[in-house]
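The model is a predicted one.

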Amino acid sequence: MDSKTILKKLDRIDDLPTLPSIAMEVNKMLRDYDTSISKLAQTIEKDQAMVPRILKLVNSAFFGFQSEISSISHAVILLGFNTVRNAVVSISIIDAFSGDKKSLEGFDITKFWNHSVAVAVISRYLAEKARLQPLDDFFTGGLLHDIGKVVLFQHFQDLFKKVWISVRENNLSFYDAEKKEIPITHARIGAYLAKKWRIPGSLVDVIQYHHALSKNANNFNLLMTVHVADIIANSFMSGQESKLDFSLIHPDAASAMKPQLKTVSDWFPDLSTEIESACQFFNVCEK
Ligand SMILES: [Fe+2]
Ligand SMILES: [Fe+2]
């Protein structure tokens, strides 16, 4: 099976998680220049179960704002269209992809979301320190970066198993094992889906290039930050001796984030509390 066949197969899978129509609609609306605040708020308010969760997220410390936002239109006015969209997309994607609790050696959905939430919190922290904006883009990018892995696991289990065996036997990273063993990577699968969901190009690029940075990405700073946050999460959350392997970090990212990288073992322990509360928020904590 080559990569085209795999993507074609992806097109034909009926039970592939789709973004709830509300998130698709919001993404579509934000492509139109004439979308008004009230129109967007009305669309989101159609899903009454979603509203309190969005408000809770935009009011949370880890998403970027600590304020008293009491309605969707208030959120749009204060935070802007993009932030509200990020909140809708984040909640929808976690919902769509955490229902299936089956796990296999090498993949556990709770661990997966735990890692993604950690990368989200770390990305946001790095962006804040580097004075990059908007912070919620960094959070959302971190949250979504590995989404292709869930799809690989749920819908291409043979390929997933091949990769996992190679990770163990050859002591490779997941991404390197994918490149060695199968014709596609989780990065490519994730980006393919994300494009279908019509999420912004800068987020699609984070999904596609977080292991192999591309200078042509829509937002290189965003991509670089998530790339570094991913490596930090992998080194510091493995439960083993925490040491950052600088050889994994792209040289551009290493030089842009030198001050943060030099002091990572000082600030990371404080951030762990924030990661924990973000995991609790999304209900993806490891017991
Ligand atoms: Fe990845
Ligand atoms: Fe990752």
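The buried residues of helix H2 are covered by, among others, helix H3 (37-45), helix H4 (50-58) and helix H6 (81-98).

**Helix H2**

- Helix H2 spans residues 21-29, and its buried residues are Ile22, Ala23, Val26, Asn27 and Met29.
- These residues lie on the same side of H2, because the arc they cover around the axis is only 165°.
- An α-helix has 3.6 residues a turn, so residues three or four places apart point the same way.
- Ser21 and Lys28 are exposed on the other side of H2.

**Iron site**

- Asp146 (OD), His186 (NE2), His210 (NE2) and His211 (NE2) coordinate the iron ion (ligand 1), at 2.0 to 2.2 Å.
- The site of the iron ion (ligand 1) is irregular, with angles of 84 to 178° among its 4 donor atoms.
- The spacing of the donor residues of the iron ion (ligand 1) in sequence is D-x39-H-x23-H-H.
- Asp146 coordinates both the iron ion (ligand 1) and the iron ion (ligand 2), and the two ions are 3.9 Å apart.

**Asp146 and His186**

- Asp146 sits in the loop between helix H8 (135-144) and helix H9 (147-155), while His186 belongs to helix H12 (residues 186-196).
- The pair is 40 residues apart and links distant parts of the chain.
- Both Asp146 and His186 are buried.

Notes:
Residues numbered from 1 in each chain as written. Chains lettered and ligands numbered in written order. Predicted model: local features only at pLDDT ≥ 70, side-chain atom pairs only at ≥ 80, totals over all residues. Heavy atoms only, no water. Buried < 20%, exposed > 50% of the residue type's maximum accessible area, 1.4 Å probe, protein only. Helix = DSSP H or I, 4+ residues; strand = E, 2+ residues; numbered from the N terminus. Arc of directions from axis to C-beta. Contact = heavy atoms within 4.5 Å. Donors = N, O, S within 2.8 Å, 3.2 Å for Na, K, Ca; no water. Tetrahedral: all angles 85-135°; square planar, octahedral: opposite > 155°, others 65-115°.
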